[in-house]
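Please open the model in your viewer and keep the selection tool at hand. The stops below proceed from one element to the next, with a short account of what is found at each.

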Amino acid sequence: MKKVIIVEDYCIACYNCEVACVATHSRSEDPVKAYKREGLRGRTNAVVEVESPLAFSSMCRHCKHPWCMDACISGAIQRLDNGIVYLDEERCVGCWGCVVGCPYGAAHPNLAGKDKHAFKCDLCIKRLDAGLNPACVEACPNKALLYDETIEREEVHT
Amino acid sequence: MLYKKPQIQYYPYIVQRDDNKCVRCLGCVEQCSYDATFYDEELDVLWNKHEACVGCKRCEAMCPTDALKIVPNPSRPIEHASWKWDLVMDAYLQANTGSIIITGIGNDKPYRIYFDHLVIDACQVTNPSIDPLREPMELRTFLGRKGQKIEITESENGKIALKTRLAPQLELETPIMFSAMSYGSINLNFQESMARAAVELGTYWNTGEGGLHKKLYPYAGRGIVQVASGRFGVSRDYLKAAAAVEIKIGQGAKPGIGGHLPGEKVNADIAETRMIPPGSDAISPAPHHDIYSIEDLKQLVYAIKEATRYEKPVFVKIAAVHNVAAIASGIARAGADVIVVDGFRGGTGATPKSVRDHVGIPIEVAIAAVDRRLRQEGIRNEVSIVATGGIRSSADVIKIIALGADAAYIATVAMLAIGCTLCQTCNTGRCAWGITTNDPRLARRQNPDIASEQLYNLVKGWSHEMKEMLGAMGINSIESLKGNRLRLRSIGLTEKENEILGVLPAGE
């Protein structure tokens, strides 16, 4: 399955992936409006981790056997036919099971808004349908995020 | 202390932030390697220390919402015809430090740029121009000693063979090479990018004096290795791997000055490549301590030729100085296959500003003088001439070849191709574009996959343009343009300048 590949050697911590992620998942699809009017600051699925000189952007790995899905008590997290692990925010009850369960820290609690629900990367499912790359990949200026075929690992965590 | 000294308070740049657009992504904070931007969590505001800004525009380029602009501070020292603001700032700075002012890149003073006073000829009616897209057009050229004559033998079955043993030649698909930039002054990512681009373009790149990193040995077949006064990284394998060896006598940005890579920049990798202890200063003396005459140079040239079994051309690189023509003549007679002349607008990683801006002569004049002198002495065929230091465009390459060069080296423009904004702070080792730094946090900003493609594109584009210009002149090979000064005319130069360049004024 095609996933976002993290090339940590070339991540420059510019945070453009974060901004692109927030903008893509906003109503306006405009970064300034998303941050300033829609209050989506911090609602990024791609999170840049920096421990200088190392930096990388991390987001959901869309595991074959997602632990977040196992932990989900409401059935909000499903693995779609195309392999995307999708979190339906409408059905999420905010138990934070996925937040605790994800070994990559890729599921986040939405603590800012009124609706207490978790959020995570949907691999820009809308953009993929339109034939585009995920927004973070498109925004990366240094090819530190690539959208490509990955080798499926059967058991990631034992 | 609230009081700030003038050289701090009259800072040259202002970071303008459009707060309506700033989304506080903090990218600019991370990107600025000069600590000119920081985030105040308490106020949720991004502040800028304008006095720390060097004007490299990295933050501006990386801002996802176009909220940043770096603009000249309108309140920097008020200047008049004699006292430009940077001179005033330098005086303030030195009054406080008592030190030499070190800077990077090349001469930025408004000396006459002869390229901009030369125009190129084109065919009209009486002789046909050539369309390079439809007809053959050759940019291929060879660097190396050409000899006086060649002899051929014809066997009985009519087969023709070369009897004369030719001197080693470098074959260039386009007469543009990447100039010497050492590992240490730049980082490995950029050097690898140049190497990859050179291999793809069928031209050559130069290691500079910092040795050849083991990772780059696969690209050494298109590499020219340097033997400079510090002799860093010179070994049997180093000489053996390369396509040619370049003896560096001088550099256009700092004629007569040596080099100094401070110990704190010499990390384990650089130390291994340069073959010096980690953390020790890498000092290139001003002269080669074994070269005090043309005869001494000859010894080194032939020592290298012996070491490489006369299989590789030996370059000698000098800075363009007042009597460059006589020096070049001596170098030709010392046995060099190629003479590289570096003009005073050539760049560097670090040089005293006073030397950079006031020592040396322009490349256009130097090449014209060297070419004429070698022709007069009947030894022009014995050496190739490579021009570097101030080549800015494809037209500059055409003009310098018409003035007598065989090929050109580019470096500053190669850095521009991968993001350099000429902020002239290469010497600090904090290049925010990740070019002239080995800080692992910054060096990763150059991804060789991207940078090599950009370098390739630049040279490819120039080559196309050169073909078009040659076609317009009705010439189908770059070889026919070499020293062809009749294809140039000058505008606004004095009679003496025309005489030195060997060109006619426009209209004549």
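Begin in chain B by selecting the open sheet of three strands, whose order is S6-S22-S23 and whose pairing is mixed. Two strands are said to pair if DSSP finds at least two bridges between them. Helices (H or I, at least four residues) and strands (E, at least two) are DSSP runs, numbered from the N terminus. At the edges stand strand S6 (118–120) and strand S23 (504–505) of chain B, each with a single partner strand, so one side of each has no neighbour in the sheet. Next, select strand S22 (residues 488–490) of chain B together with S23(B): the two pair in the parallel sense over two bridges. Arg489(B) has Leu504(B) of S23(B) as its bridge partner.

A note on the model belongs here. This is a predicted model, in which local features need pLDDT of at least 70, side-chain atom pairs count only at pLDDT 80 or more, and totals for chains, interfaces and linings use all residues. Residues are numbered from 1 along each chain as its sequence is written, while chains are lettered from A and ligands numbered from 1 in the order in which they are written. The pLDDT is the predictor's confidence in each residue, from 0 to 100; its mean for chain B is 95, and 100% of the residues of that chain reach 70 or more. The model scores ipTM 0.90 and pTM 0.94.

**From H12(B) to H15(B)**

Axes are lines fitted to C-alpha atoms, for helices over the stretch in contact, and angles run from 0 to 180 degrees between N-to-C directions. H12(B) passes H15(B) in a right-handed crossing. A crossing is right-handed if the near helix is turned clockwise from the far one by less than a right angle, and left-handed if anticlockwise.

Which residues make the contact of these two helices? From H12(B) come Ser394(B), Ala395(B), Val397(B) and Ile398(B), and from H15(B) come Trp462(B), Glu465(B), Met466(B) and Met469(B). Two residues are in contact if their C-beta atoms, placed from the backbone, lie within 7 Å. By class, the contact of H12(B) with H15(B) has six nonpolar, one polar and one charged residues. Ala, Val, Leu, Ile, Met, Phe, Trp, Tyr, Cys and Pro count as nonpolar, Asp, Glu, Lys and Arg as charged, and the others, Gly among them, as polar.

Select helix H5 (residues 188–201) of chain B, which packs with H15(B) at an angle of about 45°, the axes being 8 Å apart. The crossing of H5(B) past H15(B) is right-handed. Among the residues that meet here are Phe190(B) and Met194(B) in H5(B), and Leu455(B) and Tyr456(B) in H15(B). The contact of H5(B) with H15(B) divides into nine nonpolar, three polar and three charged residues.

**The sheet of eight strands**

Select next the open sheet of chain B in the order S11-S21-S20-S18-S17-S14-S13-S12, with parallel pairing. Its edges are strand S11 (176–178) and strand S12 (205–206) of chain B, each with a single partner strand, so one side of each is left without a neighbour in the sheet. Within the sheet, strand S20 (residues 384–388) and strand S21 (residues 407–410) of chain B run parallel and are joined by two bridges. Ala387(B) stands opposite Ala408(B) in S21(B).

**Two loops**

In chain B, centre on Arg24(B), which has a positive phi of about 60° although it is not a glycine. Arg24(B) is placed in the loop between strand S1 (13–17) and helix H2 (27–31) of chain B. In chain A, turn to Pro53(A), in the loop between strand S2 (47–51) and strand S3 (54–58). The peptide bond from Ser52(A) to Pro53(A) is cis, with omega near 5°.
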